[in-house]
Amino acid sequence: MIKGTFNRNDAGQISEFTLTGHAEAGPYGSDIVCAAVSALAISTVNSLDALAGIIPTVETKEDEGGYLHVALELDDTMSQEQMNISQILLEHLLLGLQSIEKDYLDFIEIQTESKS
């Protein structure tokens, strides 16, 4: 199962997310849940750079597979425009993953947490 956790700061902004595990909804290379989650997550990370001009901290664990952690520094160095774009992209990712979760409950679980 893929497990996703989105962390929000005190202002309600998404500051980081983690995706772990494998969906195992089909054979390797034909798993539509894994493909959808991967496409959304990678597109979001690339868009943070291309559209918001933000390079997030990205951690993967190649030896384990199925692990992605992305964190943003939401501080005074980020312009309001960068903040707005980054939050739209991250909220879009969250909504997309929640949509997948509705149709594939046995393969993906998404949660949000508040983190001070």
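Here are some questions and answers about the rings and pockets of this predicted model.

Me: How are the rings of Phe-6 and Phe-17 arranged: stacked, tilted or edge-to-face?
Reply: A pair of aromatic rings is described by the distance of the centres and the angle of the planes. For Phe-6 and Phe-17, the centres are 5.4 Å apart and the planes meet at 20°. Planes under 30 degrees apart count as stacked, so this pair is stacked.

Me: Which strands hold Phe-6 and Phe-17, the pair that links distant parts of the chain?
Reply: The two residues are 11 residues apart. Phe-6 lies in residues 2-8 and Phe-17 in residues 14-20. The strands are β1 for Phe-6 and β2 for Phe-17.

Me: Are Phe-6 and Phe-17 buried or exposed?
Reply: Buried means under 20% relative accessible area. Phe-6 falls in that class, and Phe-17 does too. Both are buried.

Me: Which element gives the largest share of the lining of the largest pocket?
Reply: This pocket has a volume of about 360 Å³. Among the residues closest to its centre are Cys-34 and Tyr-67. Elements giving two or more residues to the lining are β2, α1 and β4. The largest share, 5 residues, comes from α1.

Conventions:
Residues are numbered from 1 along each chain as its sequence is written. This is a predicted model: local features need pLDDT of at least 70, side-chain atom pairs count only at pLDDT 80 or more; totals for chains, interfaces and linings use all residues. Side-chain values use heavy atoms; hydrogens and water are left out. Rings of Phe, Tyr and Trp (its six-membered ring) pair if their centres lie within 6.5 Å; planes under 30 degrees apart count as stacked, over 60 as edge-to-face and the rest as tilted. Helices (H or I, at least four residues) and strands (E, at least two) are DSSP runs, numbered from the N terminus. Buried means under 20% relative accessible area, exposed over 50%, partly exposed in between (1.4 Å probe, protein chains only). On a 1 Å grid over the protein atoms alone, a cavity is a set of points where a 1.4 Å probe fits but cannot get out, and a pocket is an open set with protein on both sides within 12 Å along at least five of seven lines; lining residues have an atom within 4 Å of a point. Grid points are joined across faces, edges and corners, and a volume is the space filled by probe spheres set on the points.
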